[in-house]
Each structure stands twice: as C-alpha cells, then as structure tokens.
Amino acid sequence: MVANMIAAQVLLKPDSVLGLATGSSPIGVYADLIDRYQKGELDFTQVRTVNLDEYIGLGADHPQSYAWYMRHNLFDHIRIDRSNTHIPNGLETDCQKECKRYDRIIRSLGGVDLQLLGIGPNGHIGFNEPCGEFVRGTHCVDLSDATISANARFFESPDQVPRQAYTMGIMGILQAKRIVMIAMGRGKAQAVRDMICGPVHPEVPASILQLHSDFILVADEEALSLVHPVSEDD
Ligand code: F6R
C-alpha cells in the first residue's frame with residue numbers, strides 16, 4: 001500500500017522530493033519499489049531524496065549508518081543520481097554547521113512532497129525524542145535510553161549504539177505535503193494510541209501529526225490494538 005503511494009507520487013511528478021526513513025518498518029516498501037524499478041514500471045532518475053536522520057559518529061561506510069542502510073536497501077538497486085540523495089553527515093563534529101547545511105538542503109529542494117515515517121515505541125519521529133518542546137529545525141539529539149535499547153537489535157551490543165544523532169526537525173517533517181507512516185507490531189501500540197488519541201504534546205513527538213492535513217497511517221492490527229473504534233456514545 002505504501003509502495004503504491006510512493007509509486008503514484010513518482011509517476012505523477014518524476015522529480016518528486018521523497019523524505020525517507022530507515023529502520024525495519026520501510027524495508028518491505030523499498031524492496032517493492034526496487035521490484036517495480038526492475039520491471040521498468042518506475043523511473044527514479046529525476047527523484048530527489050532527503051533522509052530523516054543519521055547517527056553521529058558513524059561514517060557512510062559503517063554498516064549501521066543510515067547512509068549504508070539507504071545504499072544497501074534502495075539506492076544500489078535503482079538508477080538514481082547520488083548527488084540528489086541527502087543524508088546528514090554523521091562524521092561532522094560541528095553540530096551547528098551540519099544542521100544549518102541540512103536545513104539549507106531541505107529549503108533548496110523546495111520542501112518534501114511525500115515523507116515516509118516510522119514511529120519509535122516512545123513516540124519519536126525521525127529522532128525527535130520526547131522532550132519539553134518541539135524542535136523546529138535539524139538538530140543534534142541525545143538519544144533516549146528507550147531508543148538506544150530499541151535500536152540495540154541492529155548492533156552487537158547496546159554499548160555500540162551511538163548516543164547522539166542528527167535529525168530533521170519537526171518543521172521539516174510537518175512541511176511535507178503528504179506524510180505516510182508505517183507502524184507494525186504490538187511494540188508500537190501505545191505510541192500509536194498516544195499519537196492519535198492523546199493531546200498534541202512534545203512528550204509524544206508524533207502527536208504533532210494530528211495537525212497535518214494529509215497524514216496517512218498504515219498500520220497492522222497489533223499496532224492499532226489500543227485504538228478503540230469510536231462508538232455512537234462517544
Ligand atoms: C529512522 C527513524 C526512526 C524510525 C523509528 C522506528 O530513520 O527516523 O524514527 O522510523 O525508530 O524504527 P523501526 O522501523 O525500526 O521500528
């Protein structure tokens with residue numbers, strides 16, 4: 001379903017700006033897009049992409065970096081101009097410089113047409129972690145203990161999970177024309193409930209998506225298990 005939405009976006013606007021996510025949720029979507037590309041149904045030569053985030057301290061050659069993930073799961077298998085693909089530079093130690101550079105890129109692309117998102121078990125989007133305020137622009141974030149342990153499955157041990165990351169800010173995400181989120185499994189149920197049914201609050205960063213006019217959630221039954229259907233009495 002999500003691959004259909006992305007395919008439609010690219011077919012209707014071949015130079016679309018796609019906001020891309022990493023993690024386990026979009027892997028099937030990327031595999032489906034590769035399949036369509038190989039069948040000649042999709043052309044990515046004019047597509048521009050901007051990723052949500054990157055671990056600080058991991059270079060593009062590190063197998064757990066998001067730059068590596070994107071090459072391995074998508075870019076290496078389709079014809080796309082690499083200079084049109086953007087990911088924060090995890091090796092840049094000057095945080096301010098990197099965040100400004102990334103925000104300039106997002107602006108120069110004219111904003112995102114379709115933003116793909118996952119959701120963290122703690123309600124994060126990108127690496128916008130629960131905190132006291134919504135942060136607008138790209139910023140450097142200290143990863144929460146919950147995120148470090150959720151992402152430890154991709155590393156040999158939790159000690160190896162980087163403690164910081166660059167992430168696109170809430171404004172970069174919200175300015176996308178359309179936002180599509182994938183949420184799968186019981187581990188996401190509380191976050192999905194808080195996102196949809198709770199107040200819009202920076203302690204649940206995904207709750208800001210309630211304010212977006214074109215937000216689509218694609219979720220399985222387990223992820224939706226705590227969201228109760230509205231009854232006539234409600
Ligand atoms: C990844 C990202 C994160 C993930 C989220 C869910 O680029 O921005 O917000 O989308 O942590 O991760 P998975 O899909 O592995 O459950």
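Mentor: The protein has 7 helices and 9 strands (DSSP runs, H or I of at least four residues for helices and E of at least two for strands, numbered from the N terminus). Its radius of gyration is 17 Å, close to the 17 Å that the globule rule gives for 234 residues, so the protein is as compact as a globular protein of that length (taken over C-alpha atoms; the rule is 2.2 Å times the number of residues to the power 0.38). This is a predicted model, in which local features need pLDDT of at least 70, side-chain atom pairs count only at pLDDT 80 or more, and totals for chains, interfaces and linings use all residues. Residues are numbered from 1 along each chain as its sequence is written, and side-chain values use heavy atoms, with hydrogens and water left out.

Now the site. Around the ligand there are 14 residues, and the closest are Ser25, Asp53, His124, Gly126 and Lys188 (a heavy atom within 4 Å). By class, this shell holds 3 nonpolar, 8 polar and 3 charged residues (Ala, Val, Leu, Ile, Met, Phe, Trp, Tyr, Cys and Pro are nonpolar; Asp, Glu, Lys and Arg are charged; the others, Gly among them, are polar).

Polar contacts are pairs of N or O atoms within 3.5 Å. A side-chain N or O atom of aspartate 53 lies 2.7 Å from a ligand oxygen. For histidine 124, a side-chain N or O atom is 2.7 Å from an oxygen of the ligand. Of the 410 Å² of accessible area that the ligand has on its own, the protein covers 94% (Shrake-Rupley method, 1.4 Å probe).

Technical notes: A polar contact is a pair of N or O atoms within 3.5 Å; within protein, one must be able to donate a hydrogen and the other to accept it, and residues adjacent in sequence count only if both atoms are side-chain atoms.
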